[in-house]
Amino acid sequence: MITLRMARCCLLWCLVSQLVPPPAFADAGLPTIIAIWPMSWLLLFMVIPLEAKIAQKIMKVHFGKALEISGRANFVSTLAGVPITWLILAAVELFIGGGS
């Protein structure tokens, strides 16, 4: 059981830990897309068949047609969506002064 003293110590630790900043790196934005984009492509092999199976049941189409639709949609969204999202987030971070 968590006592009041334990809760206070935990809260104090959380507050004090915020006073110690982590090390900052100038190239921190670039590795995020390098790490995320290849993993996005690997995840497509699991997402596309799963979406196709769900679409087959909802849309009452053959699995092959659902697989084609899901594959095209996910391919385009991964090809364009990940870099565009990364650019938007990098711009927002620069605008609000993140990392400085």
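These legends describe close-up views of a predicted model. Local features need pLDDT of at least 70 and side-chain atom pairs pLDDT 80 or more, while totals for chains, interfaces and linings use all residues. Residues are numbered from 1 along each chain as its sequence is written, and side-chain values use heavy atoms, without hydrogens and water.

**View 1. Aromatic cluster of Trp37, Trp41 and Phe75.** Two aromatic pairs are found in the whole structure. Trp37 and Trp41 form a tilted pair, 6.4 Å centre to centre with 45° between the planes. Rings of Phe, Tyr and Trp (its six-membered ring) pair if their centres lie within 6.5 Å; planes under 30 degrees apart are stacked, over 60 edge-to-face, and the rest tilted. Trp37 and Trp41 are four residues apart in helix H2, about one helical turn. Helices are DSSP runs (H or I, at least four residues), numbered from the N terminus.

**View 2. The pair of Trp41 and Phe75.** Trp41 is partly exposed, at 26% relative accessibility; the term covers values between buried (under 20%) and exposed (over 50%), with a 1.4 Å probe and protein chains only. Trp41 and Phe75 form a tilted pair, 5.4 Å centre to centre and 55° between the planes. Trp41 lies in helix H2 and Phe75 in helix H3, so the pair ties together parts that are 34 residues apart in sequence. Phe75 is partly exposed, with a relative accessible area of 43%.

**View 3. Lys60 in the loop between H2 and helix H3 (63-96).** Phi of Lys60 is near 55°, a positive value in a residue other than glycine. Lys60 is exposed, with a relative accessible area of 70%. Met59 lies in helix H2 and is partly exposed at 44%.

Technical notes:
Helices (H or I, at least four residues) and strands (E, at least two) are DSSP runs, numbered from the N terminus.
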